[in-house]
Each structure stands twice: as structure tokens, then as C-alpha cells.
Amino acid sequence: MHEEHRAAAGVPDERVALRRRIAELEALEARHQEAEAKLARLASFPEQNPNAVIETDAAGRVTYLNPVAQAQFPELWREGFAHPILRGVEAILAGFQSGERAYVAREIESGNAIYEEKICYTREDDVVRLRVYVHDITRRKLAEAAIQKLAKRVVFAQEAERHRISRELHDEAGQALTALKLSLELLMADLPSDTDVLRQNLHEAVALTDTTRERIRSLARGLRPPALDTLGLNLTLEAFCRDFARRTQLAVQYEGAEVEGLSDAMTIALYRVLQEALTNVVRHAQATGVEVRLVHDARTVQLIVADNGRGFDGSMESAVPGGELAGIGLQGIQERLELFGGRLEVASSPGRGTRLLVHLPLEERA
Ligand SMILES: Nc1ncnc2c1ncn2[C@@H]1O[C@H](COP(=O)(O)OP(=O)(O)OP(=O)(O)O)[C@@H](O)[C@H]1O
Ligand SMILES: [Mg+2]
């Protein structure tokens with residue numbers, strides 16, 4: 001009875017333990033199946049990849065092409081590393097083998113197409129495999145180029161329009177005001193002597209005509225500095241700095257040299273950059289002085305605008321597109337420069353002033 005009792009009591013215990021074990025095994029099996037499914041998925045991934053996937057060995061022999069690669073580049077089987085889309089891969093492989101890195105991303109042109117390639121390297125038991133993922137980005141590149149071209153045209157059109165308005169203002173409004181002033185002066189000369197109040201009013205009208213004409217002239221100059229055409233960039237920037245210093249009481253020091261080989265559009269771009277940079281100094285920097293440099297070598301032009309003002313927290317990121325400080329001034333500068341393959345660097349920290357550095361390649365990109 002004693003024995004029986006123990007046995008009877010042991011049965012459920014055993015069952016529980018067995019069930020637990022079974023459950024554990026089932027869970028293990030499920031995990032195993034899951035892992036296997038994952039492996040199968042991973043292994044079949046290149047097969048279903050919408051981009052071309054190519055595998056080669058270290059000698060450049062193609063060992064695998066996924067269906068897309070087979071359809072797109074059937075010659076790869078024969079040509080291996082000699083195929084245009086694997087141009088330069090041998091050198092990349094050498095870099096991989098010397099342990100420099102195990103992954104390279106690049107863009108490559110072949111025929112009329114542009115490809116983005118991701119090249120990975122694996123080595124297991126002395127077996128080297130290169131896997132190259134090739135993504136055709138021709139359409140994206142064309143779209144980007146079209147957008148750039150359009151943006152350029154917008155800027156050109158805007159500058160042309162400014163040029164036209166500037167001329168109109170100068171020629172039409174300027175001449176009309178000059179004529180108006182002459183008429184007023186003639187009227188004044190003809191006035192009988194006992195009309196003091198009238199004379200005084202006319203005096204004021206003449207003075208107003210003068211200031212209006214002066215304002216229109218300076219507006220016209222701002223729209224399109226005529227000096228750019230006659231004096232060139234260096235002297236125009238220098239004159240602009242001098243003028244700016246006079247108007248704002250800011251000590252502007254300019255140093256520069258004439259740059260050969262700048263297109264008209266690039267010249268205007270640099271002029272606009274300086275306009276915005278100096279305006280920013282007056283608006284935000286509380287600076288007493290600012291240094292402007294125009295330097296160049298055979299390949300690039302640099303414009304540097306450095307003030308001794310209060311600066312601002314953060315780097316370029318906070319002040320340029322998307323950043324927390326971003327106005328449209330610095331953003332506009334950057335976009336303008338990008339049209340010509342140039343770029344803007346901003347260095348600023350609280351209390352230590354702000355320095356804008358503009359790079360513009362002299363070889364204008366098409
Ligand atoms: N020289 C400077 N000194 C101090 N802060 C500056 C200077 N230049 C720019 N900043 C800071 O960077 C911000 C962005 O400048 P940005 O020129 O893009 O815009 P904004 O001048 O505020 O407006 P706008 O769009 O009219 O140019 C400014 O608001 C200011 O906080
Ligand atoms: Mg600004």
C-alpha cells in the first residue's frame with residue numbers, strides 16, 4: 001500500500017515533468033524551425049532581390065548571378081572582373097584582403113547607365129567571396145540633374161529679371177525724377193517774390209526728388225551692381241564692403257585678388273553671398289569688426305567672412321536647412337553654391353564670432 005501510494009503519487013509528478021520536457025523540446029524545435037526558415041529566407045534573398053546580385057571568387061570568376069543579374073549582364077559569366085560594371089573591383093578586393101575594410105559603396109557609369117554598387121567581402125576557411133549588389137540609379141540621377149538644371153534656370157531667370165528691373169529703375173525712374181526736379185526748379189525760378197510759403201514747399205519737393213532718386217539708384221545698384229560688369233568681382237566686393245561700412249559703422253576689412261575664369265552667374269552668386277553674410281553680421285552678430293577675404297588658387301575660389309561678434313550656439317547644422325536656427329539666408333547661400341558644385345561651411349560658437357567659408361570650384365559643372 002505504501003509502495004502503491006508512492007507510485008500513484010509519482011505518476012502525476014512524472015507526467016508533469018515529461019510534459020514540461022516535451023514543451024521545452026517543442027519550443028526548441030519551433031526556434032530551430034524559425035532559424036531554418038530565416039536562413040532559407042536569407043539564402044533566397046538574392047534570388048528575389050530586384051537588383052542584380054553578383055558573386056565572384058578572388059580571381060574574378062563569377063560564381064553566382066541572381067536572375068536579375070543574369071538577365072541584365074549575361075556577359076558577366078565570361079568577362080568577370082573585365083566587365084565594365086566590375087571595373088576597378090580588383091583594386092577594391094586588394095583593399096579588402098589587406099584588411100582595410102570589408103565594404104565599399106560606389107557609383108559607376110557604364111554605357112548610358114549609372115549604377116550604385118555595394119560591394120561586400122567575406123572570407124571563410126580561406127574561401128574568398130565578393131558579393132556585389134548593383135542598383136540602376138540612372139533615372140534618379142537624371143531626375144536630380146533635371147531638378148538642378150531647373151533650379152539653375154530659376155536663379156538665372158531671377159538674376160536676369162533683377163538686371164532688367166535695375167536698368168528700368170535707373171533709366172526710366174531715374175530720368176523721370178531728374179526731369180521732375182528740373183521742372184520744379186523752373187517753377188521755382190518763375191515764382192513771384194511774395195510767395196515764400198509756396199517757394200518753401202517747392203524747395204522741399206526738390207529735396208524729396210533728390211532723395212528719391214538717390215534711393216532708387218541704390219536700389220538699382222543692389223539689384224544688379226553695375227560695377228560687376230565693369231570692375232570685376234574683386235573691386236566690386238571691395239566697393240561693396242566700403243559702402244557697407246559707411247552705412248552701418250561696422251569696421252569691414254577687405255582683402256582680395258581678381259579671379260579669372262568665373263562665370264557671370266558665379267560672380268553674382270559670390271556677390272549675393274557677401275550681401276547676405278554682411279547683413280547677417282549687422283542683424284545678429286553685434287560685432288564691431290568683420291574681415292572679408294577673397295582668395296583663389298587654380299581650382300577653387302574661397303570667400304571668407306569672419307566677424308568678432310557674439311556668435312551662435314551650434315554648428316552649421318543648426319543654421320542651415322532643417323536646422324533649428326535656419327532662416328532662408330544661409331539656406332539660400334548654400335543652395336546657390338550647390339548649383340555650381342560649391343559649398344558653405346559655417347563655424348560659430350558663443351562669444352567667439354562667426355566665420356563663413358565659401359568654396360566654389362572654378363571648373364563649373366555642366
Ligand atoms: N554673423 C552671425 N552672428 C551671429 N549669429 C548669426 C550670424 N549669422 C547667422 N546667425 C544665426 O543664424 C541664423 C540663420 O541665419 P540666416 O541668415 O539663415 O537667417 P536670418 O538672418 O535669421 O533670416 P533671413 O532668412 O532673413 O536671412 C540667424 O537667425 C542667427 O541666429
Ligand atoms: Mg540672414
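How many helices and strands are there in the protein chain? The chain holds 11 helices and 10 strands. Helices are DSSP runs of H or I with at least four residues, strands are runs of E with at least two, and both are numbered from the N terminus. The model is predicted: local features need pLDDT of at least 70, side-chain atom pairs count only at pLDDT 80 or more, and totals for chains, interfaces and linings use all residues. Residues are numbered from 1 along each chain as its sequence is written, while chains are lettered from A and ligands numbered from 1 in the order in which they are written.

Along its principal axes, the C-alpha trace spans about 145 × 70 × 35 Å.

Helix H5 (residues 138-190) pairs with helix H6 (residues 196-223): their axes come within 9 Å and cross at roughly 165°. Axes are lines fitted to C-alpha atoms, for helices over the stretch in contact, and angles run from 0 to 180 degrees between N-to-C directions. H5 is therefore roughly antiparallel to H6. The crossing of H5 and H6 is left-handed. A crossing is left-handed if the near helix is turned anticlockwise from the far one by less than a right angle, and right-handed if clockwise. The contact of H5 with H6 has 15 nonpolar, 6 polar and 7 charged residues. Here Ala, Val, Leu, Ile, Met, Phe, Trp, Tyr, Cys and Pro count as nonpolar, Asp, Glu, Lys and Arg as charged, and the others, Gly among them, as polar.

Helix H9 (residues 264-285) packs with helix H8 (residues 233-248) at an angle of about 20°, with the axes 11 Å apart. H8 is thus roughly parallel to H9. Their crossing is right-handed. Residues of H8 including Leu 233, Phe 240 and Phe 244 meet residues of H9, among them Leu 270, Tyr 271 and Leu 278. Contact requires C-beta atoms, placed from the backbone, within 7 Å. This contact has 9 nonpolar, 3 polar and no charged residues.

H9 also meets H11, with axes that come within 10 Å and cross at roughly 165°. H9 is therefore roughly antiparallel to H11. This crossing is left-handed. Among the contact residues are Arg 272 and Glu 276 of H9 and Arg 336 of H11. By class, the contact has 4 nonpolar, 3 polar and 3 charged residues.

H9 and H11 (329-338) each supply at least two residues of the shell around ligand 1. H9 gives the most, with 5 residues. Of the 18 residues around ligand 1, His 284, Ala 285, Gly 327, Gly 329 and Leu 330 come nearest. A residue is near a molecule or strand if its C-beta atom, placed from the backbone, lies within 6 Å of it. The shell divides into 8 nonpolar, 8 polar and 2 charged residues.

How values were computed. Parallel < 35°, antiparallel > 145°, perpendicular 65-115°, else oblique. Contact = placed C-beta atoms within 7 Å.
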